[in-house]
Amino acid sequence: MDFHYTIKITAEPEEVFAALTVPFQIELWSGYPADMKAEAGYMFSLWEGDITGVNLEVKPNESLVQEWFFGEQSEPSIVRLDLKKEGVKTCVVLTHTHIPEEVFDEITEGWQEYYLGAIKGMLEMY
């Protein structure tokens, strides 16, 4: 199953990108240690291993493409996050493909509340 979501965050694209890729920043909004580097081919782990995958494409302050691992899958689950500056906001466009049906609701709620929603909350706090 596929999921599309757009959120606008009052912050610069550089700040949003850092919140997606810098371990210290990820720990601030997620509350958990993060193993992440903004480089293609890097195998990452978030939420104590609940989310693992590999960065496929990294364009600083513009886009991040990842494959998320869900165990045995016939097709890879690809996450694409595109960042676009719109005035004082950054528009984040998420496309997450091939989410296993049994975790679809959990993953989509996670994106909205605990991932992108948490980043928005952290960056708009100041």
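Let's start with Lys 120, which forms a salt bridge with Glu 124, and in this predicted model the closest N and O atoms of the two are 3.1 Å apart. Lys 120 is partly exposed, with a relative accessible area of 25%, and Glu 124 is partly exposed too, at 31%. Elsewhere, salt bridges that share partners join Glu 57, Lys 59, Arg 80 and Asp 82 into one network.

How many salt bridges does the structure hold? There are six. One of them brings the side chains of Glu 12 and Lys 85 together, at 3.1 Å from N to O. Glu 12 sits in the loop between β1 and α1, while Lys 85 is in strand β5, residues 77-86, so this pair ties together parts that are 73 residues apart in sequence. Glu 12 has a relative accessible area of 33%, which makes it partly exposed, and Lys 85 is partly exposed at 44%.

Now back to a member of that network. The side chains of Glu 57 and Arg 80 meet in a salt bridge at 3.9 Å, N to O. This pair links distant parts of the chain: Glu 57 is in strand β3, residues 51-59, and Arg 80 is in strand β5, 23 residues apart. Glu 57 is partly exposed, with a relative accessible area of 29%, and Arg 80 counts as partly exposed at 31%.

On to the rings, if you're still with me. The structure holds eight aromatic pairs. Take Phe 3 and Phe 104: their ring centres are 6.3 Å apart and their planes stand at 85 degrees, so the pair is edge-to-face. Phe 3 belongs to strand β1 and Phe 104 to helix α3, 101 residues apart, so to speak from distant parts of the chain. Are these two buried or exposed? Phe 3 counts as buried at 10% relative accessibility, and Phe 104 counts as buried at 14%.

Next come Trp 68 and Tyr 115, with ring centres 6.2 Å apart and planes at 40 degrees, so this pair is tilted. Here the link runs between strand β4, which holds Trp 68, and helix α3, which holds Tyr 115, 47 residues apart. Both Trp 68 and Tyr 115 are buried. They also belong to a cluster, where ring pairs link Trp 29, Trp 47, Trp 68, Trp 111 and Tyr 115.

Last stop, the surface. Glu 48, Asp 50, Asp 105, Glu 106, Glu 109 and Glu 113 form a negative patch there. Glu 113 lies in helix α3, residues 104-123, and counts as partly exposed at 49% relative accessibility.

Notes. Residues are numbered from 1 along each chain as its sequence is written. This is a predicted model: local features need pLDDT of at least 70, side-chain atom pairs count only at pLDDT 80 or more; totals for chains, interfaces and linings use all residues. Side-chain values use heavy atoms; hydrogens and water are left out. Patches are made of residues with over 30% relative accessible area and no salt bridge: like charges are joined within 9 Å, nonpolar side chains (Val, Leu, Ile, Met, Phe, Trp, Tyr) within 5 Å. Accessible areas come from the Shrake-Rupley method with a 1.4 Å probe; for residues, only the protein chains shown count as cover. A salt bridge is a side-chain nitrogen of Lys or Arg within 4 Å of a carboxyl oxygen of Asp or Glu. Lys and Arg count as positive and Asp and Glu as negative; His and the chain ends are not counted. The place of a charge is taken as NZ of Lys, CZ of Arg, CG of Asp or CD of Glu. Helices (H or I, at least four residues) and strands (E, at least two) are DSSP runs, numbered from the N terminus. Buried means under 20% relative accessible area, exposed over 50%, partly exposed in between (1.4 Å probe, protein chains only). Rings of Phe, Tyr and Trp (its six-membered ring) pair if their centres lie within 6.5 Å; planes under 30 degrees apart count as stacked, over 60 as edge-to-face and the rest as tilted.
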